[in-house]
Amino acid sequence: MQFYLDGYRPGDPFVRQPHPSVAERPAGVPETADVLIVGSGPAGLVLAAQLAQFPELTTVVVDRRDGPLEVGQADGVACRTVEMFEAFGLADRLIHEGYRVNEVAFWQPGDHGIVRTGRIADVEEGLSEMPHVIVNQARMLAYLREHLRNSAARIEPRYGLHVTDLKVDPDPAADHPVTVTLAHLDGFEPTGETSTIRARYVVGCDGSRSATRQAIGQQLRGEARDQSWGVLDVLAVTDFPDIRLKSAIHSEHGSMLIIPREGGYLVRLYIELDNERDGEMLRNRSATPEKLAAVANRILHPYTVDVKHVGWWTVYEIGQRLCDRFDDNAADPRVFIAGDACHTHSAKAGQGMNVSMADAWNLGWKLATVLRGTARPEVLRTYSEERQVVAQRLIDFDREFTTLLSGDDDSERFQHYFREHGRFTAGVSVRYDHSMLTASPLHQELATGFGVGTRFHSAPVVRLSDAKPMHLGHAARADGAWRVYVFADRDQPAAPASRLPDVVERLTELAARFTPPGADPDSVIDVRAVLQQGHRDVTVADLPAGLLPRKGPFGLVDYEKAFCADPASDVFDLRGVDRDQGCLVVVRPDQYVAHVLPWDDHEELADFFEGVLVPQR
């Protein structure tokens, strides 16, 4: 993490100086906003965290709750989500506090109750440098709120506000075309007071009963399945030997999923409720933690679980529902929906919260750069196009996963399914189709491990300037910038035959074309290089000037643009990069590969960026 660019200040460097506009904010609900976010759950706060990187924008977050979530709800954090949190500087905290899911145990009916029939690694080797962890959703939201509080934007959610009306002015010249009426609530009851806010854009992250979704005429389509599950977060004493392993249990008396929680003692039980044996409890809505624990003991036989304390519990019915679009279906969309507002599914695949936050990151950088004037407004149309397809795949997966988990299929088939779909549950299987943001993979052979449309799969490198071993992907922050990684050929960069100086100079000129006057040279297109030489065989004096950009009010040199291959885990070998030709890998602000190009295809690269970015000079 880099800081002190604008001058040294004592104290915590992660607490940013407030933007000048913060002092001018009204105490109540402001009259206008660049972006109004409805809902302060995972999607809403990730979206706010991305927009907070642009403190000159006015971002307002409202929520109908009377305060922050304290317990319960989702807890599984996929590898891809941890990668995303790394871009916000929050991954270390997440990993340190969370329970790390290392292996999964499978249990099936035996002669005298359930028996273990298999045990496999939870995440495929090499799939991600980040682990799959379990952290209470309320804690993740607390991390994000603190991040927002410490940002230059100083964003704080405003509670007790509910959307009652939303209208979009069709006039394309309207400065703040979306007018939203907010009812003030006291403990979910209207007080009679209302506020009106006019926004350039509105994003509904307000859950499955989204008022924002209803206002734009979108509907969740799908059906509830005749299947209910209970959830218990408990402190318990048990003789079940795999209580600290993620365990999928099939028995003659139902199915259960055990998810160990953070802290070493807490555990979550997902308990299948039978429509016949548990029918009265379901029909009368008379479920209690004691009744759910009794069902858990029925399924676990011959083992028992003695619940000592219940932290949180609920009963829910499985339903897979999806909207046709995730925006207001306008040529110039102004209202968007994300997370449960546009797709719902079961909790057992552990994807709901993760996909919701991925929705928000996909949309956040697009909104920020369009509002900043560096990206074309057409970019916003790609949000619904990209994320609706991802949500449909999730629902298809969730339907099959829950069927297998609840069914009578043999353990070997379920284990095979779990292993084969590990990339999906880790969150790294998303591949965006060809669009203005994702080129055709015409030159994929130059870097076979950086699939166009897939997330940038990080790999170990050594930073040249200070010999720091690190992951290449961790150099990128959630700052809305595009990255162009120059994977060098075999020539030493200072050698007369090296083409690297010419390539970097052309890239620097291209970046300058789209950089606003006065902004740092890497704020829109960030050029970085990965050399084949060892970090002791080359120095920063060998680098072209474009890899040592001057930044900030003092014109300080950024020394963190060049990396060398790690001899123990060479990125060129790991990701199939052509050593003789080298290549350019273009990465979107949300860390998805947009293009792979030869070094000398400057015209194609310029045409690509011309279709996305707005020339500034």
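These are my notebook entries on one predicted protein model.

**Ground rules**

I am working with a predicted model, where local features need pLDDT of at least 70 and side-chain atom pairs count only at pLDDT 80 or more, while totals for chains, interfaces and linings use all residues. I number residues from 1 along each chain as its sequence is written, and side-chain values use heavy atoms, with hydrogens and water left out.

**Entry 1: the whole chain**

I began with the secondary structure and found 14 helices and 27 strands. Both are DSSP runs numbered from the N terminus: helices are H or I with at least four residues, strands are E with at least two.

Next I looked up the radius of gyration, which is 25 Å and close to the 25 Å that the globule rule gives for 617 residues, so the chain is as compact as a globular protein of that length. That radius is taken over C-alpha atoms, and the rule is 2.2 Å times the number of residues to the power 0.38. The C-alpha trace spans about 80 × 60 × 45 Å along its principal axes.

I then checked burial, and 56% of the 617 residues are buried. Here buried means under 20% relative accessible area, exposed means over 50%, and partly exposed lies in between (1.4 Å probe, protein chains only).

For contacts (heavy atoms within 4.5 Å), I took pairs at least 6 apart in sequence, and 73% of them join residues at least 24 apart.

The accessible surface comes to about 25,500 Å², with 48% of it belonging to carbon and sulfur atoms. These areas come from the Shrake-Rupley method with a 1.4 Å probe, and for residues only the protein chains shown count as cover.

**Entry 2: the cores**

I wanted to know which residues have the most contacts inside the largest nonpolar core. They are L367, W482 and F609, in a core of 113 residues. A nonpolar core here is a set of buried Ala, Val, Leu, Ile, Met, Phe, Trp, Tyr and Cys residues joined through side-chain atoms within 4.5 Å. Helix 8 (residues 352-372) gives this core its largest share, nine residues.

I followed F609 and left out residues up to four places away in sequence; F609 touches W482, V484, L510, F514, I525 and V586. Another core, of 26 residues, lies apart from the largest one, and W229, Y270, V355 and Y417 are among its members.

As a reminder to myself, nonpolar side chains tend to be buried together in soluble globular proteins.

I found L507 in helix 12 (residues 500-513). L507 counts as buried because its relative accessibility is 4%. Setting aside neighbours within four places in sequence, I see L507 in contact with V484, V486, V527, L584 and L605. V484 is also on the contact list of F609. I also checked L507 against Y383: they are 124 residues apart along the chain, and their C-alpha atoms are separated by 27 Å.

V101 sits in the loop between strand 4 (99-100) and strand 5 (103-110). Is V101 buried or exposed? With a relative accessible area of 5%, V101 is buried. Beyond four places in sequence, V101 touches D122, H132, I134 and K246. K246 is 145 residues from V101 in sequence, with a C-alpha to C-alpha distance of 6.9 Å.

**Entry 3: helix 1**

I asked how many residues of helix 1 (residues 42-51) are buried. The count is 10 of its 10 residues. I then listed what these buried residues pack against: strand 1 (32-38), strand 2 (59-63), helix 2 (79-87), helix 4 (137-150), strand 11 (189-204) and helix 8.

**Entry 4: G222**

G222 lies in strand 12 (residues 221-238), and I read it as partly exposed, with a relative accessible area of 46%. Apart from residues up to four places away, G222 touches Q320 and R321. G222 and R321 are 99 residues apart in sequence and 4.3 Å apart in space, C-alpha to C-alpha.

I noted a cis peptide bond from H301 to P302, with omega near 20 degrees. P302 is in the loop between helix 7 (289-300) and strand 16 (305-322).

R285 is not a glycine, yet I found a positive phi of about 50 degrees there. R285 is in the loop between helix 6 (279-283) and helix 7, and counts as exposed at 77% relative accessibility.

N329, also not a glycine, has a positive phi of about 60 degrees. I placed N329 in the loop between strand 16 and strand 17 (335-337), exposed at 52% relative accessibility.
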